[in-house]
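Please examine the structure shown here before reading the dialogue.

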Number of protein chains: 2
Amino acid sequence: MDARSSDAPPAPDAPIRLEPTEPESIDLGAARSALAVLLPADRVSLDPAVLAEYAHDDAEWADFAESVAVVFAESVDDVVAVVRFAAASGLSVVPRGAGTGLSGGANASAGAIVLSLERMTRIVEVNPAERYAVAEAGVINDDLRQAVAAVGLWYPPDPASYRISTIGGNAATNAGGICCVKYGVTRDYVLGMRVVLADGSVVDLGRRTAKGVTGYDLTALMIGSEGTLGIIVELILKLLPLAGREERAVVGSFGSLEDAGRAVAAITSAGVVPSALELIDRTCIEAVDAWQHLGLPHGADTMLLATVDEPGAVGAERADAVAALMRDAGALGVERGASPEEVDRLFLARRLAYPSLERLGPVLTEDICVPRSAVPEMLARIQRAAADHDVVIANIAHAGDGNLHPLIIAPEGDDAAKARAKLAFDRIVDDCRALGGTVTGEHGVGLLKLPGAREELGERVLGMHRAIKDALDPRGVLNPGKAFPE
Amino acid sequence: MDARSSDAPPAPDAPIRLEPTEPESIDLGAARSALAVLLPADRVSLDPAVLAEYAHDDAEWADFAESVAVVFAESVDDVVAVVRFAAASGLSVVPRGAGTGLSGGANASAGAIVLSLERMTRIVEVNPAERYAVAEAGVINDDLRQAVAAVGLWYPPDPASYRISTIGGNAATNAGGICCVKYGVTRDYVLGMRVVLADGSVVDLGRRTAKGVTGYDLTALMIGSEGTLGIIVELILKLLPLAGREERAVVGSFGSLEDAGRAVAAITSAGVVPSALELIDRTCIEAVDAWQHLGLPHGADTMLLATVDEPGAVGAERADAVAALMRDAGALGVERGASPEEVDRLFLARRLAYPSLERLGPVLTEDICVPRSAVPEMLARIQRAAADHDVVIANIAHAGDGNLHPLIIAPEGDDAAKARAKLAFDRIVDDCRALGGTVTGEHGVGLLKLPGAREELGERVLGMHRAIKDALDPRGVLNPGKAFPE
């Protein structure tokens, strides 16, 4: 299956292109010829158009270079062959799922072979008795969801890209999503994995049993390591029963970000754990309405979109409680829905927010996570950053987690606006840190958050990163320069 | 607070004692004198009785040696001082919480300073708005539970030792417990930690926010590493709301292990996720009844003890479903209880099983985890191992997770029985592996499971362990010889 299927969002506008700096000792021509012999012709591309398409992920403005080649692995053996070849040739390997990353983690660097896993789409096993699935890394998240739903099981992790992103990429970045406020992130659903290491050896990490503590948790170490410690080729994923949930949506419209922020804090403090608690601001609402004419609430500055999923009377009570807390916080109106169709309708504005904003120009996507109680203050600081730097910033937030996505929009071709956007981006990161937050809640460090990661981790913890990277990839073959600042 | 409080179980019978093999290059007398100068007198013990008490944890028959000294750290500075001193003197450090481990992970090795964290009992912060707590490593699990319950919050991890074990030890071993079948294990509740590394430097890992993916997941790497990569001195723990749960107990008595095993499989397959699903066998039932005269079900070979915790009608329905599934699987009788007192009464036999068995003689505690559907077959194999090796084996199981604790009991002073018990132990590990299981579900590798871990992990994954250990502790200062086979 092609990861870039018809569900894919519009291609991002071309980011700034860096000239590749080829390591002088490498004969690229010879390397390309050797690769063409190493693998069947249909698995290696040297086509400049393909190289360009696979030179970067969906992160705007992150650096990238032209790669040596793009390899479309069809098996673990293909991955092993590429890693061994790269290690022997002084090249590096940039692994890649569907390329939907938003931090540049899959961007090509000079002297790198881009290794796409998108053709490794086999669902090896779905085991209802043990509630796990085994699937190759290139399986699309939504394909896995549908395959396990067919036997009454549920794979919760739901990044916004779930219709087009791969489970391998999800694991490599420890992708979050909307349901994590109640159900956790990708790492909470990975029991084990098959990994190709930097020397081309293949290891099985983790387990298939419900519990297990044999040795170090190397599965967890791989998750979120962005392909810098190993290339995940297969995953063992924990599943939940599909039955027993009944989603109810409660959507409030607010006159100010502050009122919506107060509602978030009140819902959390009341001990209600919603299965989603999302926020979109006025800029999002207007962009969606301008595009889709949904008739969103007049006068609303901010919408707060919640679901609860307990079945029966308890779910109805909790939905009542959420609605009451929204009203107490000053909601202008509260809409509710209990059928799947109504829930979908009420969440439509949330789902359309990102593509609506992309119509306005290249989007620089922030991904900060602050303490839940700091959400109103952080949103206020983002508004000040927008004003001070004269840029448009829209806000989509997984508000229940404190995970905010300020989307900084610069008009196409306006380099001055881009420069101002970058300043706003850095300032938001600084503000997030000042409020006790983390520089990336779910997108990963990639390239865009390297400076923020340096600040957040500090020299000693970075030293641990370097020591582990050197221990598992002494030659720096795997995705060099990503995940943490060297 | 003293970790060995009055709730502590009876002290285990003295295990086989190894003669310490002191590294020749170390002048123990000089090291002891230096330690006495380094720290206040009440924090260092050279008393042979204290050294003997702190030479091992609760693992029967795991090797141990006399330590250089026992240090009772009262602060992070104390821990740093001991680690630096050990590194400079060619000694090692064996960190220790309450010493309730069951794999020998806290057993002293020759040339080691035993470093107890039991005096570091400060609960630094409980944050209801963000639902986390910050606490020192020596805080007793139950003390933390009570402190957070006072503000309406719940810390789920509940190892059987929760009244006496420390949260630091729980994290170092990734302790499980009864509620993990629904709520996960210790690692699922650790957001971040403060750690003293092998060079004495202090680092903060992880975060306080609900989500965060900055850099490698070093928090997860530390969890379950048994103090071999760093000494956890403080934890940031995720909490859940205390409200909204209503426990209902459903306890079935069965005429055979096979019938009980079928009930477990049926409950899992039906998509019901109980909040506990425990099993005790005839040997346990008889030992409990012989001691406490509870009047447990006559003719029962096996008891299956379940709770569900959804509130209201949904919980009542799920309890009905569990009871019906038990009856369909051939339960001789099913008892139910909905009040906290009734739940406690129905679970009393489970709570008393381990101390009841300890009255019969030294207990060698197994800790295997097999696929849930293999529970009946594994229980049958355990019975055959008991018969073939002429030993008494009782079974306590977290059946809903496939996590079994065969308890091998040898009469006091019977060395031949101990030797047969060891053979049965090894055979059970082999059978577990043959059924696709893991050699330790929740107790950790420590010393007892080193041979099993070697089989399970294989040479390449062990190579990764060694590389990471060498990277973070190049001199082998921290708990050498534990967690994975060198």
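Student: What conventions apply to the model?
Tutor: This is a predicted model, in which local features need pLDDT of at least 70, side-chain atom pairs count only at pLDDT 80 or more, and totals for chains, interfaces and linings use all residues. Residues are numbered from 1 along each chain as its sequence is written, chains are lettered from A and ligands numbered from 1 in the order in which they are written, and side-chain values use heavy atoms, without hydrogens or water.

Student: Which rotation superposes chain B on chain A?
Tutor: Superposition is by least squares on the C-alpha atoms of residues with pLDDT of at least 70 in both copies. The shift along the axis is 0.0 Å and the RMSD is 0.0 Å, for a rotation of 180°. The two copies are thus related as by a two-fold rotation axis.

Student: How many salt bridges does a search of the whole structure find over all chains?
Tutor: A salt bridge is a side-chain nitrogen of Lys or Arg within 4 Å of a carboxyl oxygen of Asp or Glu. Over all chains, the search finds 63.

Student: How many residues apart in sequence are the parts tied together by R208(A) and E125(A)?
Tutor: The side chains of R208(A) and E125(A) form a salt bridge, N to O, of 3.1 Å. Helices (H or I, at least four residues) and strands (E, at least two) are DSSP runs, numbered from the N terminus. R208(A) lies in the loop between β9 (202–206) and α7 (218–222) of chain A, and E125(A) in strand β5 (residues 123–127) of chain A, so the pair ties together parts that are 83 residues apart.

Student: What does the pair E442(A) and K211(B) join?
Tutor: These side chains meet in a salt bridge of 2.7 Å, N to O. E442(A) lies in the loop between α13 (415–434) and α14 (450–472) of chain A, while K211(B) lies in the loop between β9 (202–206) and α7 (218–222) of chain B, so the pair joins two chains.

Student: Are E442(A) and K211(B) buried or exposed?
Tutor: Buried means under 20% relative accessible area, exposed over 50%, and partly exposed in between (1.4 Å probe, protein chains only). By that criterion, both E442(A) and K211(B) are buried.

Student: Which residue in β14(A) is the bridge partner of G252(A)?
Tutor: Two strands pair if DSSP finds at least two bridges between them. Strand β12 (residues 248–254) of chain A is joined to β14(A) by seven bridges, and the two run antiparallel. Within β14(A), the partner of G252(A) is L304(A).

Student: How many residues of strand β14 of chain A are buried?
Tutor: In a regular strand the side chains alternate between the two faces of the sheet. In β14(A), T302(A), L304(A), A306(A) and V308(A) are buried on one side, and M303(A), L305(A) and T307(A) on the other. Of the seven residues in this strand (302–308), the number buried is seven.

Student: What length does helix α12 of chain A reach from its first C-alpha to its last?
Tutor: The expected span of a helix is 1.5 Å times one less than its number of residues. For α12(A), with 15 residues (375–389), the expected value is 21 Å, and the helix is close to it, reaching 21 Å.

Student: Which residue with a positive phi follows α12(A)?
Tutor: Buried residues of the helix include V375(A), L379(A) and H389(A). After α12(A) comes a residue with phi near 55°, namely D390(A).
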